[in-house]
Every structure is written in C-alpha cells, then in structure tokens.
Amino acid sequence: MSVYQMRTGSWQTLIKPAAEVRYQVFVQEQNVPLNIEMDALDNECEHVVIYDQQGRPIATARLLPNDHIGRMAVLAEHRGQGVGALLLKTLIEMALIRGSKTVFLSAQLHALPFYTKYGFNAYGEIYEDAGMAHRMMRNELSN
Ligand code: COA
C-alpha cells in the first residue's frame, strides 16, 4: 500500500505544490485557461496538498470560506488509488472542524459518481463552466 504525506495550510504556504498540480491537471490536461484556473479566491481558502513517498506533490484541493470545495485534482498517474477519496474526506473533516453544516461543490459531470460515493447529492440544472458541463452538489454533514 502506498504511503502519502499531507499538508494543509494557506495559499501562501502551499502555492508552489498546489499550483504545480493544478496547472498539470486543469490547464494542461483539461485545457482550462490559466486566468480562469488561478482566481482571486485562493488567498481566502484553506488548501490541502498530498505528496507521494518521494515528496512530490500529486494532489490538491481547496475549501472556501463559504463551505464550497473546489479545484479537486489528482495527477493522472495517481488516480484510482484512493488519493481523491483521501483528499475529499480531509476537506469534509476540515469543514466539520470549523462547524460547517453543509458542504457544496460544482462537479464536472464525469465526477458525479465519485462525489456521490462520499455523500454528495446533485441539485439544479447542468451548466457550463470553463468549457465543461457541471452540476452543483451538496453534502449535509449532520446526516
Ligand atoms: N466515476 C465513478 N467512480 C469514480 C470516479 C469517476 N469518475 N473516480 C473515482 N471513482 C471511484 C473509484 O473507483 C473509487 O471507488 P472504490 O472505493 O469503490 O474503489 C472511489 O471513487 C475513490 O476513487 P479515488 O481513487 O480516490 O479517486 P481519484 O484519486 O481517481 O480522484 C478525481 C478522483 C475526480 C479527483 C480525479 O479523477 C481527478 O483529479 N480528475 C481530474 C480533475 C477533475 O476532474 N476534478 C474534479 C473537478 S469537479
């Protein structure tokens, strides 16, 4: 079984590893324009970065002040090994610790079944963001 390390912190402390992973996943792989990928909200968020055994950053995500989870990204070669689940459970735990009752996210349609596994339910219409189909999801943490 793989051993991972994890760091949580501000954008200031995690900008380098988080931006590196996000650039590879969103800009290079999913063709999201860099000016959309990097927004002004990062400074207000709590961030998580997961590292492999060699200390290389392989996954990241952020939790906004309004309890929205965003920028969930696992490098392609590390997918399907539980890293995304670890990331998501950590963000939910961080939200619970600060007293949040519900967490939200804007899910790319392909990822809906992934988030459903961890208690998220889709609501509202499908919409387009950064050229991809999305749907809102929420997870009532008290349930
Ligand atoms: N559809 C259905 N099930 C999925 C899935 C998908 N797209 N992705 C993962 N799962 C399932 C896995 O099979 C696994 O199930 P199991 O526990 O029964 O074996 C479980 O969810 C956990 O998967 P895990 O290996 O932890 O997920 P991951 O590390 O591959 O990360 C993403 C999932 C979505 C974060 C990853 O695919 C990713 O970074 N994609 C590119 C960026 C992206 O699209 N981000 C989402 C933006 S909303």
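1. Leaving aside neighbours within four places in sequence, Asp67 is in contact with Arg98, Ser100, Thr102, Val103 and Phe104, where contact means heavy atoms within 4.5 Å. Asp67 itself sits in the loop between β3 (57-63) and β4 (68-74), strands being DSSP runs of E with at least two residues, and helices runs of H or I with at least four, both numbered from the N terminus. With a relative accessible area of 16%, Asp67 is buried, a word that stands for under 20%, with over 50% called exposed and the range in between partly exposed (1.4 Å probe, protein chains only).

2. Please bear in mind that this is a predicted model, in which local features need pLDDT of at least 70 and side-chain atom pairs count only at pLDDT 80 or more, while totals for chains, interfaces and linings use all residues. Residues are numbered from 1 along each chain as its sequence is written, and side-chain values use heavy atoms, with hydrogens and water left out.

3. The open sheet has seven strands in the order β1-β2-β3-β4-β5-β7-β6, with mixed pairing; two strands pair if DSSP finds at least two bridges between them. Its edge strands, β1 (5-9) and β6 (121-129), each pair on one side only, and the twist from one strand to the next averages 20 degrees.

4. Strand β2 (residues 46-51) runs antiparallel to β3 and is joined to it by six bridges, while β1 and β2 pair in the antiparallel sense over five bridges. Ile50 of β2 is the bridge partner of Met6 and also stands opposite Ala59 in β3, and Val48 has Ala61 in β3 as its bridge partner. Five of the six residues of β2 are buried. The hairpin of β2 and β3 has five residues between the strands, and Gly55 in the turn has a positive phi of about 80 degrees.

5. The ligand is surrounded by 21 residues, of which the closest are Met72, Val74, Gly84, Ala85 and Lys117; a residue is counted as near if one of its heavy atoms lies within 4 Å. Taken alone the ligand exposes 920 Å², of which the protein buries 71%, accessible areas coming from the Shrake-Rupley method with a 1.4 Å probe.

Note on methods. Axes are lines fitted to C-alpha atoms, for helices over the stretch in contact, and angles run from 0 to 180 degrees between N-to-C directions.
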